[in-house]
Amino acid sequence: MANVRRRRQDRRPIEASSLKLKIITWEPSEEFIKNNHVINTPVQTMYIMGDLGPYGKLGHREYEHVLCTIKVDGNGVITVKPDFNGTKGAYRIELDGEKREVWKYTIENASVQVQPEEEEREQHVFRDLYGRHKEYLSGLVGSEFEMTLPGTLRLFVNGEIVSAQGYEYDNLYVNFFLELPNHSLPQWPVLYFEVLSLDFWQRYRVEGYGSLVLPASPGLHMLTIPTWRPVELGTVAELRRFFIGGSPELEDITYVRTPSTFKGERLSRFGFRTETTGSVTFRLYCLQQSKAFLETSALRQRMQSVLDRLGGFSQQNSVYNVLEAFQRARRRMQEARESLPQDLISTSASAVHQSQEP
């Protein structure tokens, strides 16, 4: 089993034949860039050729040379290479052979100036084309959108899981789902996630649970959320986790915060044993939409959060902040009390009791 413990170092190397494509191309060619670039605009190409062979040998491929290349892309951009001569000198082509012939040629724009009537007709065609394309896109998207009321909010979130670190095993993956509030604005959507591992021997383990309350302010947010996992006491549970995989897991992942089926006033977790594990980093881009945002610039400058923007909820927000501060102060007081010696606490309590007696 010592070899099993060192399985990460003793993994079999990947054969070169199994790698079909290179991960990184350090010196890409022009053909590679043209074929693999993200922006691949359709291009039509025309070549102006010249047969520079001697008399009596016309029509042979070895005497054909490209004099000019004209490209037109999908955006209507025309590229001429080499460019029009203008005031520059003529272009030269030197032929290999006994006579070392030199050909000179120029490229000029001989297009006739467009008349105003033709230009107007062309603009009309473009407007008609753009109008049809706009109608086509509108037909794809549709127009059945719900109009947001002044007191409602739309939240758009684009995000990604950046990394997971601090866990016991590698080969991690993350399961997650989003819980929406029940039409109550102070309750923000919550993202629940579960970190799991699957090693080389196909052993599956739960590495941690966590939750993330989506940010209440728009913009970019980088959040690192710590996780924990339930544990069983005893050596047998640890041996089972190491040798065959498997570990205690939650039937309802909402138990990370408040279970969705809980209807009481107090939730007791007494006797529930957990262990702190690693953390997961999220990158979230949040966008908010509401009619309440359409206000004067002076009012928008005084808005600090989405609760203030929607109006009527700033007092609830301040109450939540006060309650959280109170809970933090209470925890610090309990920690300080637990760190004091017991004889000092009992002496202080007896002195207070004696002072209260008549």
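**Why is it called that?**

Colleague: Why is Glu 275 called partly exposed?

Modeller: Its relative accessibility is 36%. Buried means under 20% relative accessible area, exposed means over 50%, and partly exposed is in between (1.4 Å probe, protein chains only). So 36% puts Glu 275 in the partly exposed class.

Before we go on: this is a predicted model, where local features need pLDDT of at least 70 and side-chain atom pairs count only at pLDDT 80 or more, while totals for chains, interfaces and linings use all residues. Residues are numbered from 1 along each chain as its sequence is written, and side-chain values use heavy atoms, leaving out hydrogens and water.

Colleague: What makes Arg 229 count as buried?

Modeller: Arg 229 has 4% relative accessibility, so it falls under the 20% limit.

Colleague: How do you know that Glu 275 forms a salt bridge with Arg 229?

Modeller: The rule asks for a side-chain nitrogen of Lys or Arg within 4 Å of a carboxyl oxygen of Asp or Glu. Here the closest N and O atoms are 2.8 Å apart, so the pair passes. Glu 275 sits in strand 11 and Arg 229 in strand 10 (residues 219–230), so the bridge ties together parts 46 residues apart in sequence. By the way, helices (H or I, at least four residues) and strands (E, at least two) are DSSP runs, numbered from the N terminus.

Colleague: What separates Asp 128 and Arg 132 in helix 3?

Modeller: About one helical turn, because they are 4 residues apart in helix 3 (residues 116–141). Arg 132, at 56%, is over the 50% mark and so is exposed.

Colleague: And what makes the set with Tyr 167 and Trp 188 a nonpolar core?

Modeller: A nonpolar core is a set of buried Ala, Val, Leu, Ile, Met, Phe, Trp, Tyr and Cys residues joined through side-chain atoms within 4.5 Å. The largest one here has 12 residues, including Tyr 167, Trp 188, Val 195 and Cys 286.

Colleague: Which residues does Val 195 touch?

Modeller: Contact means heavy atoms within 4.5 Å. Leaving aside residues up to four places away in sequence, Val 195 touches Tyr 167, Leu 172 and Val 280, among others.
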